[in-house]
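Dear colleague,

Please find below the structure that I am handing over to you. My notes on what was found in it follow directly after.

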Amino acid sequence: MAGVLLVVVALTAAADWPHRATRSQLQGDLQDYVTQVRADVLSCGVEVEETLSAYNQIMAGVSTDRNTAIGIADRAALDCTPAGNDKILDLAATQPPRSLAKYRLDLGAAQLYGWASNDAVDAMQDVHALLVSPGDAAKLADVTRQLGDMQQRAASAQSIFDHAAAAVGASKESLSLDAVRPGVLVG
């Protein structure tokens, strides 16, 4: 009886044992995951870029429509939260494929979630304040610092994904967050 039980347990374990993914499967898993994560974070990132552009147009005198710029900043702040944007919620919940577990892609996704739900929301609220009260040097310095933090988080996530790509022989996929950096602000 004990021998039969041992054979059943061994067969069950062998059937449940994860197979080793091929290089091609790893590449496909990585590409699918990075594509999903990029789409999720860009649902906020594009709006952050639009807000910075609207702010710069006001500050450069190209536009005088502050109310529209304020509305863009407010929408971006809301759309970078999980409550305002299902894609940000997806970013927090989407798990990397088990085949890529050793590359800790979840840490890259966590960086991007912080980029959107914390840093971007705070920065967009401060841009709103700058549009209401232009010339606040302390607020401008705060936004510049926040954009620097966002740039570092994005670079950290990009580095994690690039490392995984190199390890599995895949092409590096840009997260497309390069336009959000401190140097883009007109002060």
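A residue is called buried here when its relative accessible area is under 20%, exposed when it is over 50%, and partly exposed in between, with a 1.4 Å probe and protein chains only. By that criterion, 39% of the 187 residues of the protein chain count as buried.

Two remarks on provenance are needed. This is a predicted model, in which local features need pLDDT of at least 70 and side-chain atom pairs count only at pLDDT 80 or more, whereas totals for chains, interfaces and linings use all residues. Residues are numbered from 1 along each chain as its sequence is written, and side-chain values use heavy atoms, with hydrogens and water left out.

Overall architecture

The protein chain contains 6 helices and 0 strands; helices (H or I, at least four residues) and strands (E, at least two) are DSSP runs numbered from the N terminus. Read from the N terminus, the order of elements is α-α-α-α-α-α. Among contacts (heavy atoms within 4.5 Å) between residues at least 6 apart in sequence, 79% join residues at least 24 apart. The accessible surface comes to about 10,000 Å², and carbon and sulfur atoms account for 55% of it; such areas come from the Shrake-Rupley method with a 1.4 Å probe, and for residues only the protein chains shown count as cover.

How many disulfides does a search of the whole structure find? The search finds 1, a disulfide being a pair of cysteine sulfur atoms within 2.5 Å. Cys44 and Cys80 form it, with their sulfur atoms 1.9 Å apart. The torsion about their S-S bond is about 90 degrees, so the disulfide is right-handed. Cys44 lies in helix 2 (residues 23-60) and Cys80 in the loop between helix 3 (66-79) and helix 4 (86-93), so the pair ties together parts that are 36 residues apart in sequence. Both cysteines, Cys44 and Cys80, are buried.

The structure also holds 1 aromatic pair. Rings of Phe, Tyr and Trp (its six-membered ring) pair if their centres lie within 6.5 Å; planes under 30 degrees apart count as stacked, over 60 as edge-to-face and the rest as tilted. The ring centres of Tyr33 and Phe161 are 6.2 Å apart and the planes stand at 70 degrees, so this pair is edge-to-face. Because Tyr33 lies in helix 2 and Phe161 in helix 6, the pair ties together parts that are 128 residues apart in sequence. Tyr33 and Phe161 are both buried.

Helix 2 also carries Glu47, which counts as buried at 11% relative accessibility. With neighbours within four places in sequence left aside, Glu47 is in contact with Arg75, Ala76 and Asp79.

Local backbone features

Helix 5 has a kink of about 35 degrees centred on Ala120, where the bend at a residue is the angle between axes fitted to the seven residues ending there and the seven starting there.

Two residues other than glycine deserve a note on phi. Arg104, in the loop between helix 4 and helix 5 (105-132), has a positive phi near 55 degrees; at 42% relative accessibility, Arg104 counts as partly exposed. Ser176, in the segment after helix 6 (137-168), has a positive phi of about 65 degrees. At 36% relative accessibility, Ser176 likewise counts as partly exposed.

With kind regards
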